[in-house]
Amino acid sequence: MDKKRGMGKVVKVWSVVLCTLLAVTACSGNGGNNDPKPSEPGKNAAAGNGQNGGKTEEGGNKPQNEGAPLKISASIYDRGKVAAEEGSYEDNRWTKWMDEQSGVDVEWVPITRNQEADKFNVLVASGQAPDLITSYDRNLLARFVDQGAVQPIDDYLNQYSTVYKKYLEEHPELKPYVTFNGKIYAVASLRNTRALTTIWVRQDWLDKLKLKVPTTIEELVDVARAFRDKDPDGNGQKDTVPIAGSLAYTPIIEDLFFARGWDWFMEDGKLVYGNLLDRYKDVLAFQKQVYDEGLVDKEYLTDKNFARQQQLWVTGKAGIYFEYVTMASFPDFKKNNPNAKVVPIPPVATKYGTNGYQEEVPNYLLTVFNKNMKNPQAAFKFLDWMLADGWDDITNGQEGVHYQKVNGIPVITDTEKFNKEVAYASEYRLLHQDKLTAESIAAAAGDDPIAKEFAQIKGDALKVAEGTKYRKDLPYRPDFKELIDMEAQFMKKRDEIIATVVIGGAKHTPEWGAAELLKEWNRLGGEEVNKKAMEWYEKNKANFQ
């Protein structure tokens, strides 16, 4: 959020809260006080039990192996968000508090987010990797499984865990993501929401032109044409660009046609790469149509960070926005268009039916156990405690200091203090039970009218996302070497082919584009990759259940 826009402290509070609720951990800033005593960060940490930061009977407090120290090491993402006064990722108020409350001494190993593959590869190869290796990248962890660098944890679950073992039984949707080669290798918890993308529309423009929210792809195009031709902003000029996009623009279109480009689909018993599906021609045809008819900005293909697209939306020049449910630009949009009303469009139908908006995979982080781990019992003691108790405090901070509860939901009270003292701590949440709901969003919005309005429509967007099933034939993508080696080359050429179809006029038809995509795929060894994909599927399909 651009603070120079003068939206005020309440809006800044709202922004931080939404970041926290969505587990976005890059929201920390400066300001605040010195470290308190180790027991201070949590809510009533001194009480030492239950949800107030202490140990519970379910928290894995079993006797340790005789003589084994209660000590483990664990990786953590280093995003450079720990203020100097707070210490470091290795040593700060929260590392002290976690050691005290969990009963396990954790040595944290910071890993720079955008260099994690290189860093982990070096640590694993040199035998210096931490006991717990945590990443979003399942394919990276799968390579460690194949290398024998990490170990299965089925036996440890049965011996040492109560909280996480029960949690996994209650959430079987996590099983495919933590299972490798038929055995459980990782721990993970559910994301607070799986909703990701949506299409927003100006309801006030629909009302002015007496139009309904579109329900089909054809109706969506008709609305866009009306926004182009009928002066919905009332300025007497034909200057609107009906559709604005973001990084979600092409993925949303692909999803409407059940043809997500880099995913794999099971078609007639065979795996097919998304860009090679016969129906991908419809994706190309739609993109070409809206470009040719002037329904989308002519410069969107070169607008690499989509800043121009966002500006069209924020300044009221666009009426349809292919975006994420978060829509961080909403405060600026509302400031510029105070009378505007925005609603999420439920997924529109195509000739293939109605597909839901993209869902995130159910798991958040994945954490695997180093093969050289000396004390898996201590690891599960810490993980059980984190899932039962610890995650809440490192998400919200201390009640009465960093937040107050509104209808039982934590709401940040001092943005600057929270940013400095708490925001970075969510990196330590290896497991959590946070859940984002329309009610929690509304509570976090407080009394600020803009925040309250966006909380309402964002809650609606979550409900829309949950209302239509999203097709995903495989829980995760194949990770075999031949695919990894050729995919980057293919994607670069793929983007060139798609752009040529969109702007190339009558000569470069969707059919031409589909043929070129297949030709490039095969040129790079795609037939062998297709064969390997089926072999990979047969090997891994038991893990998908």
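Author: Helices (H or I, at least four residues) and strands (E, at least two) are DSSP runs, numbered from the N terminus. This is a predicted model, in which local features need pLDDT of at least 70 and side-chain atom pairs count only at pLDDT 80 or more, while totals for chains, interfaces and linings use all residues. Residues are numbered from 1 along each chain as its sequence is written, and side-chain values use heavy atoms, with hydrogens and water left out.

Reader: Which residues of helix H6 are buried?

Author: Buried means under 20% relative accessible area and exposed over 50%, with partly exposed in between (1.4 Å probe, protein chains only). In H6 (residues 163–170), Val163, Tyr164, Tyr167 and Leu168 are buried. Seen down the axis of H6, these buried residues fall within an arc of 125°, so they line one face of the helix; the arc is that of the directions from the helix axis to the C-beta atoms.

Reader: What do the buried residues of H20 pack against?

Author: In H20, Gly526, Val529, Ala533, Trp536, Tyr537 and Asn540 are buried. Because they fall within an arc of 100° when seen down the axis of H20, they line one face of the helix. These buried residues pack against strand S10 (264–267), strand S11 (270–273), helix H18 (481–503) and helix H19 (510–523), whereas the face turned away from the buried side carries the exposed residues Glu527 and Lys539.

Reader: How many bridges join S3 to strand S14?

Author: Two strands pair if DSSP finds at least two bridges between them. Four bridges join S3 to S14 (residues 366–370), and the two run antiparallel, with Leu132 opposite Phe369 in S14.

Reader: In what order do the four strands of the open sheet lie?

Author: The order is S9-S12-S8-S13, with mixed pairing. Strand S9 (243–244) and strand S13 (342–345) are the edge strands, each pairing on one side only. Five bridges join strand S8 (residues 197–202) to strand S12 (residues 320–324), which run antiparallel, and Ile199 stands opposite Phe322 in S12.

Technical notes: Contact = heavy atoms within 4.5 Å.
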